[in-house]
Amino acid sequence: MDDFEVDDVVQQALDRLTLLAEATTALSSTLDPDKALHRVCRILVPQLADWCAVDLVEEDGRPRRVCVLHRDPDRLPVGALTGLLPAVPETATGPLARVLRGTGPLLIQHADVPAPHHAVDALHAQQLELFEELGCDTAIVTPLRARRQVLGALTIARTAGRPALGSNDLAMVEDLAHRIALAMDNARLHRETLNIAERLQRSLLPSLHGEGRLQLSARYAPAAATAEVGGDWYDSFTLPSGPTTLIIGDVTGHDLRAAITMSQLRNMLRGIGCDRQEPPGQILRRLDLAHHTLYPHSTATCIYGLLEEHANGSWVLEHSSAGHPPPLLITHEGDTRYLMGGRGLLLGVDPHVERPHASDVLPPRSTVLLYTDGLIERRGESLNTSLTRLRQHAAALAREPLDTLCEELVTGLAAHHGDDVALLAARIPAHV
């Protein structure tokens, strides 16, 4: 072997290492499996292949083609050849079916690719149609395997006019497929964990029942931008002495632990509130003492409010806040103002501090809105701007049904929120 051949071999090895490194970076840059697949396919095409396709196995066992990329985008028809594929036959004969059954990787030569009408089953026919549509001189079909399970298949192909794929490419393509499979498996595990946390969180949120003519409505939405579950919660129940509680809170953190801490904090507050039936400031002080004892390294915000109709027909909200954004009062005419009284420290900072509470008379047909910071806060934006935006949206919805108001606020303000969101609204009845 002369020096030129040695240099050529070394360069090929470096190119392959670079390709593997770029693919690994693309896969690790996101937990969104669709984004990860498209990023790595854009690296494989055209560096390694003229086109590639990724098929993933659905929960019911059927494969779905989720990504097809070609070095010439104009070659891809409308729909990009993606979508649900025929079921994998019991007797695997076509290369894709064999790979999905556990064989592979397979090197396919042009002579091994018959016309679609010679296919042995529906899945084989669809794969041959792909080869015919995009062209195929040589191809490699390899399983995406993780934890002894085939998650799908990767197909890469070269057309005429480019050096054919050979047996020396199998090891690298298999390595690539293994990295893709690990990334897909990690994304699935991440999604399953989040689904468990979200189901836990939603299962702990109460069904709301207004007292008499009082209307209540609430919403909870996990973070849209990061798909994280946090410690936001709301609650409302009627005390034995008559007032209806309005509660909202937010435990620091965005993970399963925060959701669990939230549920425990919520249950403690329920017990303290029902047992003591004291002013809101006293209730939050007792909650802070318990929180500090059980969760000394955790902080949380909370509003505890008591809403009650007085003998003269007026409705009064007594409330205390532990570092939480202030409630918003929305009149039937569309006037808005924040209820700034009763503000105190976060839970978990100083359990011995005295906590104030405030009292506000709520006009007939008005709405009081409690919410978490995910509804208003935006990165790089001042809090005043965020609060003003909420007032403007709420004012425009003042006369809408309460469920509509809550739904429109979440849709309008938190469609692309980077934090989870909880809100609780109470609408005061008109004077009889």
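Mentor: In this predicted model, the largest cavity is lined by Leu246, Ile303, Gly305, Leu317, His319, Pro327 and Leu370. Two elements give two or more residues each to this lining, namely strand E10 (300-309) and strand E11 (315-322). Sorted by class, the residues around the cavity are five nonpolar and two polar, with no charged residue among them. The volume of this cavity is about 30 Å³, and a search of the whole structure finds one cavity of 30 Å³ or more.

The open spaces may be considered next. The largest pocket has a volume of about 540 Å³. It is lined by 21 residues, of which Val57, Glu58, Glu59, Arg188 and Arg191 are the closest to its centre. Several elements each supply at least two residues of this lining: helix H2 (33-47), strand E1 (51-57), strand E2 (63-70), strand E6 (149-158) and helix H5 (170-204). Helix H5 provides the largest share, with seven residues. The classes represented in the pocket lining are 10 nonpolar, two polar and nine charged residues.

The charged pairs complete the account. Side chains of opposite charge can pair when their charged atoms come close. The structure holds 16 salt bridges, and three of them may be examined in turn.

In one of them, Arg276 pairs with Asp275, and their closest N and O atoms are 3.5 Å apart. Arg276 is partly exposed, since its relative accessibility is 42%, while Asp275 is exposed, with a relative accessible area of 58%.

Another salt bridge brings together the side chains of Arg286 and Glu278, at 2.7 Å from N to O. Here Arg286 counts as partly exposed at 29% relative accessibility. Glu278, by contrast, has a relative accessible area of 18% and is therefore buried, as that term applies under 20%.

A further salt bridge joins the side chains of Arg337 and Asp360, with an N to O distance of 3.9 Å. Arg337 belongs to strand E13 (residues 336-338) and Asp360 to strand E15, so this pair ties together parts that are 23 residues apart in sequence. Within the pair, Arg337 is partly exposed at 40% relative accessibility, whereas Asp360 is buried, with a relative accessible area of 14%. Elsewhere, salt bridges that share partners link Asp50, Arg71 and Arg162 into one network.

How values were computed: Residues numbered from 1 in each chain as written. Predicted model: local features only at pLDDT ≥ 70, side-chain atom pairs only at ≥ 80, totals over all residues. Heavy atoms only, no water. 1 Å grid on protein atoms, 1.4 Å probe; cavity = no way out; pocket = protein on both sides within 12 Å on 5 of 7 lines; lining within 4 Å. Points joined across faces, edges and corners; volume = space filled by probe spheres on them. Helix = DSSP H or I, 4+ residues; strand = E, 2+ residues; numbered from the N terminus. Nonpolar A, V, L, I, M, F, W, Y, C, P; charged D, E, K, R; others polar. Salt bridge = Lys/Arg side-chain N within 4 Å of Asp/Glu carboxyl O. Buried < 20%, exposed > 50% of the residue type's maximum accessible area, 1.4 Å probe, protein only.
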